[in-house]
Amino acid sequence: MAPLQAILEKCRTSPPNILGTLQAVQAAQGYVDPSHVPLIAASLGVTDSDVHGVLSFYHDLRTEPPGKHHIRYCLGDSCVAMKTEKSLAALEKSLKCSIGETTKDGTFTLDKVYCLGNCAHSPAMMVDGEIHGRFTPSTVTKLVKAGRP
Amino acid sequence: MKRFYVSNDISALSAGADRVAAALSKKGAAVVRTSSRGAFFLEPLVEMDTSSGRVGWTNATEKDASKIVSGKGAQPVDKVSFLAKQTRFTFARAGLIDPLSIEDFKSRGGFRGLQKALGMDPQKIIDEMKVSGLRGRGGAAFPAGVKWQTTKDTAADQKYVVANADEGDPGTYSDRMIMEGEPYRLIEGMAICARAVGATKGYIYARSEYPHAIRKLRAAIARATEAGWLGHKIQGGAFDFELEVFVGAGAYICGEETALLESLEGKRGMVRPKPPFPAIEGLHKKPTVVNNVITFASAPDILDRGGAWHASMGTEKSKGTMPLQLAGCVKQGGLVEIPFGVTLESAIYDFGGGLPKGSKFKAVQVGGPLGSIFPEKLLKTPICFDEFAKAGGILGHGGIVVFDQETNMVELSRHFMEFTAEESCGKCTPCRVGSTRAREILEQIRDGQGRPEDLETLKDLSDTMKMTSLCALGGLAPYPVLTAMQYFPKEFERKPKTR
Amino acid sequence: MDSGMGSIKVTIDGKQVEAQPGETVWTAAKRAGIDIPYLCASSALKPYGSCRLCVCEVEGARGFPASCTTPVRDGMVVKTDGEQTHRHRKNIVELYLSEQGEGADQLKALAKRFGLTKVRYRTPAKRKYEIDESNPFFSFDPNSCIACARCVRACDEIQGTFAISMLGRGFASSVVAGNDVGFAASNCVSCGACVKECPTDALHEKAVAEFGKPEYVSRTTCAYCGVGCNFDVGVSKGRIVSMRPVESSPVNWGHACVKGRFGWDYIYSKERLRTPMVRKGDDWKPITWDAAIRMIADKYSEIRAQHGPDALAGISSARGTNEENYLMSRFMRAAVGTNNVDNCARVCHSATVTGMMEVFGTWAATNSLKDIDQAKLLMIIGANPTEGHPVTGARIKRAVRRGAKLIVIDPRKIELCRYADVHLQLKAGTNVAVFNGMANVILEEGLYDAEFIRSRAENFENWVEAVKKYTPEKVEEISGVPADLLRKAARLYAQSGASMCCHGLGVSEHRWGSYGIMTMCNLAVLTGNIGRPGTGINPLRGQNNVQGSCDVGSVPVYYTSYQKLDDPKVRTLFEEITGHPLPQRKGWKLPEMWDAALEGKLKGLWVIGYDVAQTDPNLNKVHAALRKLDFLVVHDLFFNETAKFAHLVLPGASFVEKDGTFTNGERRIQRVRKVVDPPPGVKADWQAICEVATAMGTPMSYDHPSQIMDEIARQTPAMRGVSYEKLDAGFGLQWPVPDMAHPGTIVMHEEKFPRGKAKFAPVEYMPPGEEPTGDYPLTMVTGRVLHHYNCGAQTRHSKLLEFVDTDVLEIHADDAAELGVKTGDRALVKSARAEVTLPVVISDRVPPGTVFTTFHFPELNLNTLLSSSSDDLSKCPEYKVSTV
Ligand SMILES: Nc1nc2c(c(=O)[nH]1)N[C@H]1C(S)=C(S)[C@@H](COP(=O)(O)OP(=O)(O)OC[C@H]3O[C@@H](n4cnc5c(=O)[nH]c(N)nc54)[C@H](O)[C@@H]3O)O[C@H]1N2
Ligand SMILES: Nc1nc2c(c(=O)[nH]1)N[C@H]1C(S)=C(S)[C@@H](COP(=O)(O)OP(=O)(O)OC[C@H]3O[C@@H](n4cnc5c(=O)[nH]c(N)nc54)[C@H](O)[C@@H]3O)O[C@H]1N2
Ligand SMILES: Cc1cc2nc3c(=O)[nH]c(=O)nc-3n(C[C@H](O)[C@H](O)[C@H](O)COP(=O)(O)O)c2cc1C
Ligand code: SF4
Ligand code: SF4
Ligand code: SF4
Ligand code: SF4
Ligand code: SF4
Ligand code: FES
Ligand code: FES
Ligand SMILES: [Mo]
C-alpha cells in the first residue's frame, strides 16, 4: 500500500477529522501535497473544498516540502520586549532566508511562532524541537547551526 | 546514595539543565528529573534532599558538577525569597516530583481530590466548586461551578470535558508547566469535572508549540489509564472517563473556546456565535465543559480541602490564587502563585526583582497580546479581575510582560495589530479588515508618514472593533494600542521625518 | 399565524414586537417591519454574525451585539438605530469599501444610506484575486467578496453539496471551490443557492450581467421535473434574464437545481421551431398556421372516414399543461371519437399507479414534500433524487443532517448512499424479493403494527403465508443483499416511528414493476407507516406534469382522475359538455399503438412534446412503426428525433410563453404563467388544438386557460374545488380538493383508503425479462444525469451542454479489466436487439456485473438496445434491466 493510503487508513474516524488527518499526513511526509487533497477528501468522505479550507487555515500546515531542519522562531510579546528582532535580523542575514522561507540548499526552514512558553528566558526559539533562550545577535546563528551542517 | 534533582521543564532545558544533568551522571551521581519550581532565573537549579529539606545550587553549569557531587555550597531552597513569599497550591508540587511518576504524585496528595469525588454525589462536587468561588483562569474569569452546573443540567446521550491547553498568549507558560511538570493534576481535575457533569470522554487541546508537554501528557494518560485513574471503571467504580490529547496547528484563535471546538472537530478554527454556549452545545453539538488547564488543575485541591478553604484566599470577587508569569524585561522571570490582591508593582519588583541592569521600566502589559499597556503610574493596581477592569485592563491568563525604556511604543502597537491581523479568524469585518487597516495606519505613523487625522481614524476604528467584534480577539485588540496612545501620546505625534 | 406566536414580547425601537422563543432579534425585527441593515444574515441560513452591520443596543447588555445572532428574551428592550450604532455601521461599510477596487453596488448603496462620502484610509491593501468565469451560468469575482460565507453556508445548509469553503483566514479570506480548481471543475452542481445568497454580486448570474437587472418578476413553476419548483422569472427589456427560486414556497423553500435555475436558456436557442413545416420528400417547407391546421383537420377526417376513428391516435405531452392535456383528450374523444390517447406517464410511473391502485385504490403520492422534514426515517428506493429531483434530494440530505435515518435501496452507489445508515445494493430487478424479505423479518420479529392491520387492512393471513418463504438468507441468494443488512433495514424501517418511502423508476420500470410497487406498499401497511405525517408511499414523479396529464384524462382506459369510461355519470357529463358521446372501446396504450401501427391498424398520429423516436424502448421497432403511419404530426419546441419521421411539424410554445397549470409529484396543481411572448410564428399548444378541433367541425374555444380548468374541475371529483383564483392565491392546491371551500390535502388516507381497507398483495418474486448469459453477461441499467433531461431536446440546447456532452457507459473496474477497456475508450455495446458505441468511464458507482448509462443523446441511439419487454399490468417498459 502506498504510504499515503496507509496513513489515511488509520485516520478514518467517524465523524471524520480533517485537521487530525492533515497533521498525520504532514507528520509522515513533511508537508501536505495539495494534489493529494482529493485523495484525502475521498478517504474521509468529505469534499475537496472542506479539506482545502482547513489546509489553508492553519499556519502549521505546509503545502511545500520543508527544509531538513526546522526553526520555530518566537516573535511573541516577551521576546519582542527582549529585542528579539535584532537576533532575527542577524539570523536571517546569515541564513539568507526570511521568515516563512526555506534556505536555498534546503537545510533550514525558518518559521515564526508566537510564543514557545520560554518567556522567562526570552528571546526564544526551537530548532528541531530543541528549545533555546537568552541568545543574542552574535550567538543565535551558532546555536542554530550547531551540529547541523 | 545522594540523589540530585534537575528539572526537565523546557525553560530549564533552555538554560542548560540537560547538560548539567549529564555532567552529574557522568560523575556517577543519581539524577532524578523533575518539574521546575518556576524560578526560571535560577535554572539550572540542582536540588538535593537533606534532613532539613531541599537544598540547591542555582544557575548550575557543567563546571559545577564536582562541587555539587561533593555536596558543597548549597543553600536551602525554601529560603529563596522568590519562592518563600508565594502561596502555592496549584504549583505546590512544582520542582518536587518526577512528572510522570504516579507514586511521586500520590505521595504528595495526588488523586486525593478525585478519590473523594468518586464517592460524592455529582451535585455535591459542583456545590463545592461553587463555594470555592473559582473563576476560569483562561481569561474570561467565568465561575467554573456555574459552567459545570449548566452542563450537568443539560440532558444528552454524550457529554465532553475539554481542557483548553492552547495557552496562546505570548508571555504565559503556567499551563505548560502543569502539563510538563504535573500532568496528573490536570488529568485529576478533568476527571473530577467529568464525574460531576456526567461526561465520559475528554480532550486536551494542546498547542503544537509545546511538543514536550504533548509527549508528557500522552505518556501520563497511558500510565494513568494503566493505573486505573482513567478509562473503564475508574478505581473499580462505575465511572468511565477516556482522555485524549489533540494537537493544535498554529492558530491563536483556537484558544477561543468555540473556535477550539471547531478545530477539535477537525474544521477551520472559526469562532461560533454564542449562544449556544459550549456548556449546552459544544463539541459535536453535545454539552461540553471547556476550561483552562489551571482551572482544572485547581479542582483537585478544592475537592480535597473543601471549597471554603479556597474561598478564604484572595479578594471578595477574585478567590484563590493567581499564577502570574513574569516575562520580558525582568530580572527574575518565572512563575509566581499568589493570592489575588497583590499589586502589580510588588509582582514586578518584589518577585521579579525589577529590571536588569541598564534597563529602566517603561511599560508593562498584563494579560497577553490583547491586554492593556500600563505605565508606571498604574503599578499600584492590585492584581484581581475587578481592579484591573477598573483600571482599563485585563488580567487574562496572568502573563506579565515588562518593557524597558528602549521600547518604541508605535512599533510595539504595530506589532500587536499585526498579531491580530495574522491571527484573526476572518469571520467578522471589524477584526478581519479593521486589524489590517489599523496595522497600516500604525506602520505609516512609525515610518513618519502619520497625520493627525490618522490618529482620529485609528481611535474611531478601534472603537468600532471594540464594540462590534464577534469575539474578544477583535474586541480587545485595540486595548494595547489605545492605552499606548493614551499613556505615551508623544510617540504617536511624531512629525513626518524631513530628510 | 403559528400557535407558538406571541409567547415572548420584546420592544424594538419603542415598538412592541411579538416573537417566538429561539428566534433572533433580527428575524423578529424584520417581521415587524423594522429595517435593520444587514449583509451576512439570511432567513434561509443559521445565524453566523460576520458583517456586524446589524448591530444594535440591548438594554442592560454591554457593547453592540449583532441582532442576527442574538436570541430574543422576554421583556428585552432593543434599539437598532442609535447614533453610535449608526457610526459603527458607517465604519464597517468604510472597511468594506477600503478593501475593494470599484466597490460593490450594494456597498455603495449602504455608504449612501449611512452618509459615508469618503474612505479615510490611505493606500490600503486591496483584495486581489482572479475572477472565476468557469461556470457557464455564473461568475465569481472575489474582489467584491466580503467573506461573509453566505455562499458556503448555502452550499452546506441548503444544497448539502459542500462544494465550496472559506479559504485562508483573516484579511485575505475568500471562497474556494473544490481543491481550488474553479467552480466548473469542482463538485459544484450549479444549483445557484450560493449565487442567490451572495449579498454583493461577487457571485452573479452571467445572464443578468449580459442582459441587465430584472425590471420586474413574474411567478411560475419549473417545467422540468416533477418537483415543481416555484420561480420568480426576471425580465429585462422583454427578455428573461433570471429565474430565482421563491423563498416562501412549500415546494422548493427558496431552493432550485441547475436546470430550473439556469437551464431555461434553450428558449432562446436559434434552433427552436418557429413555424409549421410540411415534408416535401426529404425537404421541409414552411407553411402558415392556417394551412397546417387545415391539413391536420383534413387528414384526420379522411382517415376517420376510411378506417374509423380508432385508426387515429394522439400522444399528449406530460411536459405540457393540464389544460393542454385535457384538450388533447377531449379532442381525441369528442372531435375524433376514440380513446386512443396516452402520454409519457406510460413509460414512467404507470406501474406505480397500477400497484398503488391494487393496494390502496389510489394513484399518487400519499404524502407531501414537506413530510420529508417530519419523517424520522427515509427509505429511498430505485430513485436517485440528487440528480433526478435535486431539490428533493437536497431536502433529503437536510433531513439526514437533522437526524433522520436513511435507507437506500439501489443497485448503484448513488450520492445519497454516502449519508445512508443502510444501503441495500440489490441486483437490478429483484425488488419484490427484497421487500418480501423485509416483510418476513418484520413479521418474524413481531415489529408490525397489529392494530393498524386490524382496523385498516385486509387479506393479511393469505399474505403472511406468501412471504413466509422469503427468509433473509433466501433473499440474499436472489438479490445479493446480505441477510444482516436486510434485517437491519427492516428493523429500522419498522421501528423509526415515522418512515417515509420515496421511490423512483428503479421500482416501476421493470418487467414486474407493478408487483414491486405492491410489495413496497405492503410494508407501509404492515408497519402502519401510511396516513400520517412523515410516512407514506411517494413516487418521485418524473416530468413536470406526468401527474397532471393522467389526472386530466390523457389516458386510454380511464377518464379524468381515473374514472371508468363506462360510468354513466361520467358519460352524461361528457356529452353535456362536449356534445359528443364518450367512446367506449378502451384505447391503446402507447406500446400497443406501435403494434397497431405495424399491423396497419393505426394510420394517423399526433405527438405533442414527446420524443418517442428517442426515448421509447426497442427503437428499431418504434421507428418502423412510425414509418408505417400515413400521417404523423409532431408538435414540439425543437426538431427532435420523432420529427424526422413526421409529415407535418408544428412549433410549440414553451412554459414561459403560455398560461396554464402543472401538477407536481405531491399532487399540487400550480400555475404556469405567460411571462414573455412566444417567438413570432409560434402559438400556445392549447390554441392549436382548439383550432384543429374547430376546423374538424367540433368547435372548441376558450378565451383563457382558466376556462379550461373550470371545465376540468366540473368533470373531475378530485379537482372539483380548483379554480385559477384559488390557485393564484397561494402556492396552488394539492388534490383532492373536493369542493370550493376545501384547502387541499397534504396527507392522504388519514382515515380510510379509497378502496376502503388496504389490501395486502401476495406477490411472488419472478426474474426480470432478461438475465445475464454467456453472450450477454452484463446487466445494463439506464437512468439519468443531473445536467440533462430525458430526450435532451431542451438541455442539449442550453449551456448545460458545457457540463456533459455525451452519454457514457459506467462500468466497474473488474468488468472493465476483464473486457480490456479503460476510461476514455469507446466500447461497442451489444444486446440481442442492436449494438451501439459508448464512451467508457470506470466507476465505483456500479457493482461488478452491472453497467449504467443514460439516454440523453440521440446520436448514440441507446434505446435500440432495449427490448419491448414491459410491466405485465401497466405496460411500463423495462428500462432498468437488459443484458448486454
Ligand atoms: N436531471 C434529470 N432529472 C430528471 C430527468 C432527467 O432526465 N434528468 N427525468 C425526469 C423523469 S421523466 C423521471 S421519470 C425521473 C426519474 O428519476 P428516478 O426515479 O430517480 O430515475 P432513474 O435515475 O432513471 O433511476 C433511479 C434509480 O433506480 C435504480 N435502479 C435500477 N434498477 C433497480 C432495481 O431493480 N431496484 C432498485 N431498487 N433500484 C433500481 C438505478 O440504479 C437508479 O439509481 O427523473 C426526472 N428528473
Ligand atoms: N433508456 C431509457 N429510456 C427512457 C427512460 C429510462 O429510464 N431509460 N425513461 C423514460 C421516461 S421515465 C420518460 S418520462 C421518457 C421521457 O421521454 P420524452 O418525453 O421523450 O422526453 P422529454 O425530454 O421529457 O420531452 C419530450 C419533448 O417534449 C418537448 N417539449 C417540452 N415542453 C414542451 C411544450 O411545452 N410543448 C411542446 N409541444 N413540446 C414540449 C421537448 O422539446 C422534447 O422534445 O423517457 C423514457 N425513456
Ligand atoms: C482570542 C481568544 C483567545 C483565547 N485563548 C485562550 C487560551 O489560549 N487558553 C485558554 O484557556 N483560554 C483562552 N481563551 C478563553 C476561552 O475562550 C475560554 O473562555 C476559556 O477556555 C474558558 O475556560 P476558563 O473558564 O477555565 O477560563 C481565549 C479567548 C479568546 C477570545
Ligand atoms: S518566552 Fe514567552 S514571553 Fe518570551 S518571547 Fe517566548 S512566548 Fe514570549
Ligand atoms: S473578532 Fe476576529 S477572531 Fe474573533 S470572530 Fe471576529 S474575525 Fe474572528
Ligand atoms: S451552485 Fe450550488 S452546489 Fe455549486 S457552489 Fe453554489 S451552492 Fe454549492
Ligand atoms: S461570495 Fe458572496 S456570499 Fe460568498 S463570501 Fe463572498 S460576499 Fe459572501
Ligand atoms: S428540482 Fe425539478 S422542478 Fe425544481 S428546479 Fe430542478 S428540474 Fe425544476
Ligand atoms: S513570547 Fe517568545 S517564548 Fe513566549
Ligand atoms: S447581518 Fe448580523 S452580523 Fe451580518
Ligand atoms: Mo419519466
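**Close-up views of a predicted model**

Residues are numbered from 1 along each chain as its sequence is written, chains are lettered from A and ligands numbered from 1 in the order in which they are written, and side-chain values use heavy atoms, with hydrogens and water left out.

**View 1. The fold of chain A.** Chain A has 7 helices and 5 strands (DSSP runs numbered from the N terminus: H or I of at least four residues for helices, E of at least two for strands). Their order along the sequence is α-α-α-α-β-α-α-β-β-β-β-α. The C-alpha trace spans about 50 × 30 × 20 Å along its principal axes. Among contacts in chain A (heavy atoms within 4.5 Å) with a separation of 6 or more, 57% join residues 24 or more positions apart.

View 2. B:Glu265 lies in the loop between helix 12 (257-264) and strand 9 (288-292) of chain B. Why does B:Glu265 count as buried? B:Glu265 counts as buried because its relative accessibility is 8%. Leaving aside residues up to four places away in sequence, B:Glu265 touches A:Pro16 and A:Asn17 of chain A, and B:Arg272, B:Gly282, B:Leu283, B:His284 and B:Lys285 of chain B.

**View 3. The interface of chain B and chain C.** Here 38 residues of chain B are in contact with 38 residues of chain C. The two chains bury about 3000 Å² between them, 48% of it on carbon and sulfur atoms (buried area is the accessible area, with a 1.4 Å probe, that two parts lose on being put together, summed over both). In chain B, B:Arg268, B:Arg432 and B:Arg437 lose the most area to chain C, together 22% of what that side buries.

**View 4. A salt bridge between chain B and chain C.** The side chains of C:Arg169 and B:Glu423 form a salt bridge, 2.9 Å from N to O (the term needs a side-chain nitrogen of Lys or Arg within 4 Å of a carboxyl oxygen of Asp or Glu). The count between these chains is 6 salt bridges. Helix 17 (409-423), helix 18 (429-432), helix 19 (434-446) and helix 20 (452-468) of chain B each give two or more residues to the side that touches chain C. The largest share, 8 residues, comes from helix 20.

Methods. This is a predicted model: local features need pLDDT of at least 70, side-chain atom pairs count only at pLDDT 80 or more; totals for chains, interfaces and linings use all residues. Buried means under 20% relative accessible area, exposed over 50%, partly exposed in between (1.4 Å probe, protein chains only).
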